[in-house]
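Here is a briefing on one protein model. Look over the sequence and the structure, then read the points by topic.

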Amino acid sequence: MDREKLERQMAELPIVEYIFFETEELVFTERVRVVCQSDCSQYGRSWACPPAVGTVEACRERCLSYPHALLITTMTEVEDIADLEGTLATRTDHEAVTRQVNSFLRDQGAETYPLSTESCAICAECAYPDGPCCCPEKMFPCVESHGILITETAERYGISFQAGGNVVTWFSLILYR
């Protein structure tokens, strides 16, 4: 992979921060999955979320089969950060950035496994559990759905994610080989 070329391409995007690291540094924990189950309305309703993505251990094995990782962040100001629906509506731009970076990696011959924000929103209603995902090549499972404690990784590398006010930080994690 030509990292300099990738970094030049990413410099053209509204990425706030990014870091390359090895997937063996990721922290996986069942605690994140408990939050999914108790606090997220998409639990059990999407191919991008648990339990459809598999157990945390299965997700860990899948993720670690890709030795390299690229964490990217974007930030968006929202009218009211307490308005979950309004906040989630702003992730579309972040997902577009994630698609572009994923494409840059694939154009260089990398096999990728992108993880991104919250539950997939490609379809108005997910086919899960009655039918297969109609867009598996476009659907990016949620980082947290895999039991990844992404804030610990961000803190380890000095990635800012608590800007305060009504600013939301969106994370994507693109695993590659």
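In which helix is E85 found? E85 sits in helix α4, residues 84–88. The model is predicted: local features need pLDDT of at least 70, side-chain atom pairs count only at pLDDT 80 or more, and totals for chains, interfaces and linings use all residues. Residues are numbered from 1 along each chain as its sequence is written, and side-chain values use heavy atoms, with hydrogens and water left out.

- Helices here are DSSP runs of H or I with at least four residues, strands are E runs of at least two, and both are numbered from the N terminus.
- E85 counts as exposed, because its relative accessibility is 69%.
- The cut-offs are under 20% relative accessible area for buried, over 50% for exposed, and partly exposed in between (1.4 Å probe, protein chains only).
- The C-alpha atoms of E85 and F140 are separated by 19 Å, with the two residues 55 apart along the chain.

**α1 against α5**

- Helix α1 (residues 3–10) packs with helix α5 (residues 91–107) at an angle of about 155°. Their axes are 10 Å apart.
- Axes are lines fitted to C-alpha atoms, for helices over the stretch in contact, and angles run from 0 to 180 degrees between N-to-C directions.
- α1 and α5 are therefore roughly antiparallel to each other. That term covers angles over 145 degrees; under 35 is roughly parallel, 65 to 115 roughly perpendicular, and the rest oblique.
- The α1 and α5 crossing is right-handed.
- From α1, L6, Q9 and M10 meet V101, F104 and L105 of α5. Contact means heavy atoms within 4.5 Å.
- By class, this contact of α1 with α5 has five nonpolar residues, one polar and no charged. Nonpolar means Ala, Val, Leu, Ile, Met, Phe, Trp, Tyr, Cys and Pro; charged means Asp, Glu, Lys and Arg; the others, Gly among them, are polar.

- In α2, the buried residues are V32, R33 and C36. Seen down the axis, they fall within an arc of 100°, so they line one face of α2.
- The arc is that of the directions from the helix axis to the C-beta atoms.
- R31, Q37, S38 and D39 are exposed on the other side of α2.
- The buried residues of α2 pack against α3.
- In α3 (residues 56–64), V56, C59 and C63 are the buried residues. Their arc around the axis is only 60°, which puts them on the same side of α3.
- The buried residues of α3 pack against α2 (30–39), β3 (112–115) and β4 (167–176).

**Cis peptides and loops**

- P50 and P51 are joined by a cis peptide bond, with omega about 0°. P51 belongs to the loop between α2 and α3.
- Y128 and P129 are also joined by a cis peptide bond, with omega about 0°.
- P129 lies in the loop between β3 and α6 (150–156). Y128 has its place in the loop between β3 and α6.
- Y128 is buried, because its relative accessible area is 17%.
- Not counting residues up to four places away in sequence, Y128 touches G44, R45, S46, W47, P51 and A52.
- A121 is found in the loop between β3 and α6. At 56% relative accessibility, A121 counts as exposed.

Conventions: Left-handed = near helix turned anticlockwise from the far one by under 90°.
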